[in-house]
Amino acid sequence: MMDESSKEGKGRHDLLLQEIEAIDDYWGPTFRAIFDTDECDAFADKLDSRIRSHDRDIEKLCSAHHQGFIESIRDLLELKGLANRIHGEVQTIDSDICHSVTQLKLKGQELADARRIERNMKTTIEMLQSCLPVLRAYIKLQQQMKEKRYYPALKTLEQLEHIHLPNISHYRFSEHMKKSLAKVRESIKEASMSDLKDFLESIRKYSPKIGEVAMRHTAEQLNIDISANSSAIRRLISPNVSGEFDYDAQSESVYSVEEDLSAQDLVDFSPVYRCLHIHTVLDAKETYENYYRKQRKKQARLALQPPTNMHETIEGYRQYFHGIVGFFVVEDHVMNTASTLVNRSYLDDVWNIAASKIASSVRTHSSYCTDPALMLKIKNLVMLFSSTLRTYGYSVSQLVELLQEIRDHYNEVLMQRWVHVFRDIFDEDNYHPIQVTTPAEYQRVIESFPYRDSNLEAAPFPKRFPFSNLVPKVYRQIRNYIQACLQFSQDLNLADQEIDDTLRRYTNLLLTRTLSGCLSTLIRKPSLSLLQLIQISINTNYLEESNGWLEEFIAQLTGASRELSHIARLQGRAVFRDVRDDAEQQIYEALKRKMDEFMELANYDWLLNEPSGHASSFLMDLIAFLQSTFQAFTNLKEHVAQNACLTACRHIAEILMDLLLSDDVKSISMGALQQVNLDVIQCEQFAASEPVPGFEDGTLLSSFLDLRQLLDLLLSWDWSAYFHDYGQETSKYLRVSPQRAITVLEKLREADKRTVFSVLKKSERDKKKLMETVLRQLRQLLQSSA
């Protein structure tokens, strides 16, 4: 059994050795199989035995081939020498070949470089040829920008952006060029805006000139002479009231335009169109339109600002209107040539705002004007201004209303001027009837005032008119005023009837305000004498008669039918009637004042024992004055003289009564009372003589009735009749009041006390007792009536 296991072990070891010998590089599985058994030592022994066997085989083989090995070594040594020689030759050849190859490589590199350069040059030429149009266009663009030819530059820019640059979009410099073109675009926009600003500055400078030309053309078309009315007003108004006005005539040329130029002749509008096209192409049209309108509105505001001293001279108004007309003429031209930039609605909005400001400015500045001739020039300028703008399609309704307001102010200015005219007439008049000594003088008066009197015409020279120089001068100045008012209403396209009503309305204002006020001031002057007041009253009669002549004069001026002008009749009659009534009151007051001067001379001796036997001297002088005064009343209306005479008589009676009842007079003697009675008798004789005809019997005497009954009662001592008939209509002393009787009786009693010997006479004592009794009864009557 041992033998069998050893045989199996040997056989397994042989197999493992065969595997090791058969495999050259990997014996892992074989060794693992060896180590998995406990036969490592045995296998190592077997392996050593096999190695020794192979060594013996090698030795046998080497021995068998030793001679051949030596010969082979000898051949190898010979071969080594030959190989070394060949190796040297090969190295030489290799060195030569390397050198040749190096040279070849250099030439080949040079050739390749040359080919590459040639190819690059060809490509570059092709590329440059494709870029040349871009570069040429860009250079052209730069040159155009340098020459400030922005419109062609914009076209070149469009060509670059839309035609040339797309062809070289793959080049990097195209991006830089695009960025550069964007800057050029902005430069063109800024440059065009700069040109527009220059245009705006230029148009602002030339707008007044353009407006001047436009207004001159309108004046020529409408055949308007702007200086005509102002010359007429100079002939109508005169500060020296002689009938002729003396204004400093200004030789003015309405328009002095050297050449017949239009707006486009004076201003180059190409920057506007160029800038509009540029911004349209640059897709900034709306921005441009807004900017243009904004700047023009600013210029409009500047044009609408009137000069500070515009109200002083017509040149200020003319400059103001020229600038505004120039502005709107330019805008109208732009609208007709570039409708997208300026349209009608925009212009209408600007004009509506401007019209209000124009009306306000002219209204404000004209309100400072006090020169009628200047106001006529303003009116003509406003009319020409309105007509000019109307031809361009602008509504001028606000300016028409402005003319109405200016006309009202013009009338106020005229009335203020006529205040001085009338005052000068009043100051220069002598308030004496006009006396002419020759037919020429008579004719001059008749021509200035259409007064006709057959008796005066038949009278020999020298002839005497009933009125003073005031009447024809005032009448002439009223006519001048009417003509001055007409000057403003002319050319306003008003109907004849409307002009007629306007003239009548303004004439009524002159009569009711100006002339009436001046006359009222005149008749209240304390320096006027009674005779002057009488003459003024006489003058108002004839001025009242001139009312019809003035209405006929207005109808002739306006051509309106007098039958249709009943709506606005002149109020001259009522005005002069009121003034005359006021003058009459002043006559009465002046008469009273003059009478007071005489009565102040009254120096009664209230303790007079016996009267002088005749009226007092001051009263005689007063009556003589009244008689001469009433003779001057012959040209006055009858009722005026009558009222004056009645007023005089009543005033004398009042003064005499006041003297008797005055608290300053403490005592009155019977002699003084008799002297007063003589004076009253003289006054009654004056009243009975009818110093002014037309009174009914007893009218003037009734003025002294209160005084007469009181004196009769005191002098006759008829107290029984007084007390018996007191309060009855048939009483002889109806006008004697108990109070007046008590006052005078107390003064008589006081005078009696001063008579030392009166108490010694029984009659005097009885009279005193009677007086006390009468006083007591009078006081009882006074108390019962209270």
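1. T388 sits in helix α12, and in this predicted model the residue is buried, because its relative accessible area of 0% falls under the 20% cut-off. Once neighbours within four places in sequence are left aside, T388 is in contact with A214, M215, T218 and V325.

2. Helix α5, which covers residues 172-222, packs with helix α12, which covers residues 372-391, at an angle of about 95° and with the two axes 9 Å apart. That angle makes α5 roughly perpendicular to α12, since values of 65 to 115 degrees are counted in that class.

3. On the α5 side, the residues that take part in this packing are A214, M215, T218, A219 and L222, and they meet L381, L384, F385, S387 and T388 of α12. Sorted by class, the contact of α5 with α12 has seven nonpolar residues and three polar ones, with no charged residues.

4. As for confidence, the protein chain has a mean pLDDT of 79, and 89% of its residues reach 70 or more. Among the elements of the chain, strand β1 (residues 435-436) has the highest mean pLDDT, at 88, whereas helix α6 (residues 228-236) has the lowest, at 49.

Note on methods: Residues numbered from 1 in each chain as written. Predicted model: local features only at pLDDT ≥ 70, side-chain atom pairs only at ≥ 80, totals over all residues. Heavy atoms only, no water. pLDDT = per-residue confidence, 0-100. Helix = DSSP H or I, 4+ residues; strand = E, 2+ residues; numbered from the N terminus. Axes fitted to C-alpha atoms, helices over the stretch in contact; angles between N-to-C directions. Parallel < 35°, antiparallel > 145°, perpendicular 65-115°, else oblique. Contact = heavy atoms within 4.5 Å. Nonpolar A, V, L, I, M, F, W, Y, C, P; charged D, E, K, R; others polar. Buried < 20%, exposed > 50% of the residue type's maximum accessible area, 1.4 Å probe, protein only.
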